[in-house]
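Here's a quick briefing to read next to the model. Have the sequence and the 3D view open while you go through it.

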Amino acid sequence: MKDTPTPWPYPRWIAHRGAGKLAPENTLAAFRLGAQHGYRMAECDAKLSADGQVFLLHDDTLDRTTDGQGIAGHQPWAELSLLDAGSWHSRQYAGERLPTLEGVARFCRANAFLLNIEIKPTPGLEEETGRVVAREAARLWADAPIPPLLTSFQPQALAGAVESAPELPRGLLLETLWDGWLEMAQRMGCVAVVCDQVLWTSEVMATVHGRQMRALAYTVNEPQEAERLWGLGIDGLITDRVDLFAPD
């Protein structure tokens with residue numbers, strides 16, 4: 001078997017949640033800032049509102065990154081769309097709104113900007129969220145030369161994505177190397193495995209590449225760790241430090 005995966009259309013550096021910590025995460029302001037630093041791809045988190053709108057938010061709850069409260073997925077988009085998602089970060093971004101996936105797609109398509117969509121379901125809605133996010137991504141990028149990469153920690157979410165948009169590329173996110181992770185990645189037809197940076201060793205890298213999948217790492221913010229991973233043969237790094245690492 002070949003130990004080199006198939007050609008990879010994505011850049012080596014990916015801006016975490018838009019521009020990491022330099023702008024309010026998962027907002028269009030963060031995407032714009034990442035692009036201003038020369039990045040050509042960003043990672044973001046997508047979930048469903050109570051009425052089925054796909055929007056960007058990392059946490060299950062609104063409290064940390066908006067002026068709202070409670071579980072985001074239990075609230076309708078009409079209410080979520082009014083929240084301030086920027087003031088928590090700094091006065092400069094006061095009034096920044098939660099973006100829809102459609103709004104992010106418009107930005108990406110207009111700027112030849114690539115996207116890694118992490119499917120981030122409200123607990124209990126894993127498969128449904130995977131189905132809806134993938135279906136919307138397939139619609140919004142229908143004629144794009146390079147589709148978004150869909151990833152998730154939740155195999156059920158990836159299964160939902162397979163069901164509704166099997167043509168979109170998928171990756172399994174890992175915080176630990178739990179029993180059966182490799183088999184699950186293959187079962188879900190994944191093109192990539194995306195691990196916490198500390199999990200990558202030469203052995204794990206060889207295993208992933210030996211199954212013709214790409215290897216990505218999150219969230220790499222230190223130069224020495226980036227150098228270690230490049231030395232191992234990593235295919236892509238997700239970083240908050242768009243101001244520190246020059247993209248290529």
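The chain has eight helices and nine strands, where helices (H or I, at least four residues) and strands (E, at least two) are DSSP runs numbered from the N terminus. Keep in mind that this is a predicted model, in which local features need pLDDT of at least 70, side-chain atom pairs count only at pLDDT 80 or more, and totals for chains, interfaces and linings use all residues. Residues are numbered from 1 along each chain as its sequence is written, and side-chain values use heavy atoms, with hydrogens and water left out.

**Overall shape and packing**

- A compact globule of 248 residues would have a radius of gyration near 18 Å, and the chain agrees with its 17 Å (taken over C-alpha atoms; the rule is 2.2 Å times the number of residues to the power 0.38).
- Along its principal axes, the C-alpha trace spans about 50 × 40 × 35 Å.
- Of the 248 residues, 57% count as buried; that means under 20% relative accessible area, with exposed being over 50% and partly exposed in between (1.4 Å probe, protein chains only).
- Looking at contacts (heavy atoms within 4.5 Å) with a separation of 6 or more, 58% come from residues 24 or more positions apart.

**Surface and charge**

- The accessible surface comes to about 10,700 Å², and carbon and sulfur atoms own 50% of that (Shrake-Rupley method with a 1.4 Å probe; for residues, only the protein chains shown count as cover).
- There are 22 positive and 33 negative side chains, and the centres of the two sets sit 4 Å apart. Lys and Arg count as positive and Asp and Glu as negative, without His and the chain ends, and each charge is placed at NZ of Lys, CZ of Arg, CG of Asp or CD of Glu.

**Cysteines**

- You'll find zero disulfides here (pairs of cysteine sulfur atoms within 2.5 Å).
- Cys-108 is buried at 1% relative accessibility, and its sulfur is 7.5 Å from the closest cysteine sulfur, in Cys-44, so that's too far for a bond.
- Cys-195 is buried too, at 0%; the closest cysteine sulfur to its own is in Cys-190, 11 Å off and too far for a bond.

- Most residues other than glycine have a negative phi.
- Asn-26 isn't a glycine, yet has a positive phi of about 60°. Asn-26 lies in the loop between β1 (13-15) and α1 (28-36) and is buried, at 2% relative accessible area.
- Gln-212, also not a glycine, has a positive phi of about 60°. Its loop runs between α7 (202-210) and β8 (214-218), and Gln-212 is partly exposed at 30%.
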